[in-house]
Amino acid sequence: MTAALSPIGAAGAQEKDNAARFGALESIWDVSLSPDGKRLAFINQGKQRERRLYIVDTSEGAEPREILSSNGGSGGNLNWCGWVTHARLACETFTRDDVAGDVIAATNIIAIDAAGGNLKVLSNRRGSRSLYADFRGGSVIDWSSTDNGSLLMTRSYVPEGDTGTRIASRAEGLGVDRVDTVSASGRRIETANRDAIYYLSDGNGNVRVMATQGFSTNTGQIDPTIRFFYRAKEGGGWKPLAQIDVVTEEGFQPAAIDAATNRVYGFRKIDGRKAVVAMALDGTGTTGTIYSHPEVDVDDIIRIGRNGRIIGVSYATDQRKAVMTDAAMAKMTNALSKALGGRQVVIVDASADESRYLVRAESDTDPGAYYLFTPKAGELRPLLVSREPLSDTTLSPVKAVTYPAADGTKVPGYLTLPPGHSDAKGLPAIVMPHGGPSARDEWGFDWLAQYFAQSGYAVLQPNYRGSSGYGDDWYQNNGFQSWKVAVGDIADGGRWLVSAQGVDPATLSIVGWSYGGYAALQSGVLAPDLFRAIVAIAPVTDLQQLKEEETRQGAARINDKFIGSGPHIREGSPAQNAAAIKAPVLMFHGSFDQNVEIAQSRTMKRALEAKGKRVELVEYPELAHSLEAGEARADMLRKISAFLPH
């Protein structure tokens, strides 16, 4: 599929080596459709961290026009943009900086004309003490007003000092304002609340749900419980609705409001698995199950349009599946998927009257492409490809598999083979555990797995016990407290590749990112003779150190529950057991990583060096957890390829 609109040049402009092509970030970072359906706004990812905002008519042959650029410096970088009116956009920018040894992230909401002028900052600036609130001025919570150029958005407030010329504002916390995006003036809709972390609107300009999270000024620590309040349809004060524990996920978590039925849709466990439940916003507490699944979590609510209309839910078994509660949308998406060769279809955006839809289609062998669908005309037109450098590359199918753990438990996962191979016999192989641990791998395109497959490796991605998505019994006590089971399952995946798939045991390696990096290192402790090389990207390496780091960030109470206490803190820390590791270790880490501090990798390096082990740590200055620069990722891939046995 080639792009009908292509601001980024031909794939030939990219380096032809696989590391550059697979390491490149998505060419299209974000895309949205104007309310009248006649124009697109999209963010193109350029060299280094450069991003550019383009506007283009959806008519055939139209040329994109750049209106804004960012490079990740002090002014921030573009993250997303959406249409306020046919002629005005709102965008989020973000930036990171090192302040007295701590990496601080900040977000900002700005507005700009589609013609490129009248740029305004819409956010109030302040530092955030919450893990869940935005760091500057909150976020857009309601796009429904398409005529007067205003948005409903959260804004952060801090008390002001008296100047002698005016009365100081004592507002503190997160509130909601109706903000004019042309003048940047705001009108208070919801008074700032010190403990508020987010709000939900009904899509018609009414704030109906508030989430709060307590914070101790004495200890500087955040409460593990989020409490929710609702406001009646007729207005009035806030009333208690529900609460949820952020560690155990016990309780009800509101996510989207259905104004037509005066209910809030959210997530609650049923038989140990997450389900979508609707709760009445009338004080009765009446709930009804929208959808639950007997094997996996139902983890997403599908919405479209400027009002955020709820049209379905989704979950992942071997592949992600959507259950549409809107019959017309079910028919449309099924027809689109069929027309696009069975690819998974997502409705990304829609015009205000839903006469035009922005559609993304993707699969395991297709990184994704965007289309404009006009139902009345029966027209499906290609617009943009998400990864231009891979547009002429034959990718590898991803196969869902299961393998036996040591105790006989069947562990699900995904196996990717090099192009043209029907089995893994005699191939070099990589076990690639996912991050999290509160996450899971899904079927689809994975740039890292596909790169290794292109390089000739069989790649196994296990959804080991400790992964989320399969319910409480599978999750156990999470991959840190239950590390022996989680890492044991991962190691058993390597043994299965050798015994059942016939891979070359002399070339079996393990590569992991974040928790996956932790698991890769800890597998060298648990099974020191199994893997011949260990690659850990942004890994946790010392659980006690992690607890101390999180205490500085205000999350001690949360991590006391999540990480726990006891012998597993030492036994489950690869840095505390470096002597057991036999395989050479290669690590990568960004210095601006907020998820896992770079000190974790430095600790591991010192521990391995002290035991005379072979280890190398590659640090990328001013990059975060995901190493969000194509040049850095390409460099990493080249170094990994040179390091792994093959």
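Tutor: Before we start, the model is predicted, so local features need pLDDT of at least 70 and side-chain atom pairs count only at pLDDT 80 or more, while totals for chains, interfaces and linings use all residues. Residues are numbered from 1 along each chain as its sequence is written, and side-chain values use heavy atoms, with hydrogens and water left out.

Student: Happy with that. Why is lysine 547 called buried?

Tutor: Buried means under 20% relative accessible area, exposed means over 50%, and partly exposed lies in between, with a 1.4 Å probe and protein chains only. Lysine 547 has a relative accessible area of 11%, so it counts as buried. This lysine lies in helix H8 (residues 543-552), where helices (H or I, at least four residues) and strands (E, at least two) are DSSP runs, numbered from the N terminus.

Student: Which residues does lysine 547 touch?

Tutor: Leaving out residues up to four places away in sequence, lysine 547 touches Asp560, Ile563, Gly564, Ser565 and Ile569. Contact here means heavy atoms within 4.5 Å.

Student: And why is glutamate 619 called partly exposed?

Tutor: Its relative accessibility is 34%, so glutamate 619 counts as partly exposed. Glutamate 619 is found in strand S35 and touches His589, Ile598 and Arg602, not counting residues up to four places away in sequence.

Student: What do the buried residues of H12 pack against?

Tutor: Their partners are helix H1 (18-23), helix H3 (447-454), strand S32 (508-513), strand S33 (533-537), strand S34 (585-590) and strand S35 (615-620). The buried residues of H12 include Arg633, Met636, Leu637, Ile640 and Phe643.

Student: What makes S33 a mostly covered strand?

Tutor: 5 of its 5 residues are buried. Ala533, Val535 and Ile537 are on one side, with Ile534 and Ala536 on the other, and both faces are covered.

Student: How do you know that S32 and S33 pair?

Tutor: Two strands pair if DSSP finds at least two bridges between them. S32 and S33 pair in the parallel sense over 5 bridges, and tryptophan 513 stands opposite isoleucine 537 in S33.

Student: What about the sheet that holds S5?

Tutor: 4 strands form an open sheet in the order S5-S6-S7-S8, with antiparallel pairing. Strand S5 (77-83) and strand S8 (120-121) are its edge strands, since each pairs on one side only. Against the rule of at least two bridges, S5 and S6 are joined by 6 bridges, and S6 and S7 by 12. S5 and S6 form a hairpin with 4 residues between them, and tryptophan 83 stands opposite leucine 89 in S6.

Student: How is the lining of the second largest pocket made up?

Tutor: A pocket is an open set of points on a 1 Å grid over the protein atoms alone, where a 1.4 Å probe fits, with protein on both sides within 12 Å along at least five of seven lines; lining residues have an atom within 4 Å of a point. This pocket is lined by 46 residues, of which Arg320, Gln344, Glu362, Glu442 and Trp443 lie nearest its centre. The lining divides into 17 nonpolar, 14 polar and 15 charged residues. Here Ala, Val, Leu, Ile, Met, Phe, Trp, Tyr, Cys and Pro count as nonpolar, Asp, Glu, Lys and Arg as charged, and the others, Gly among them, as polar.
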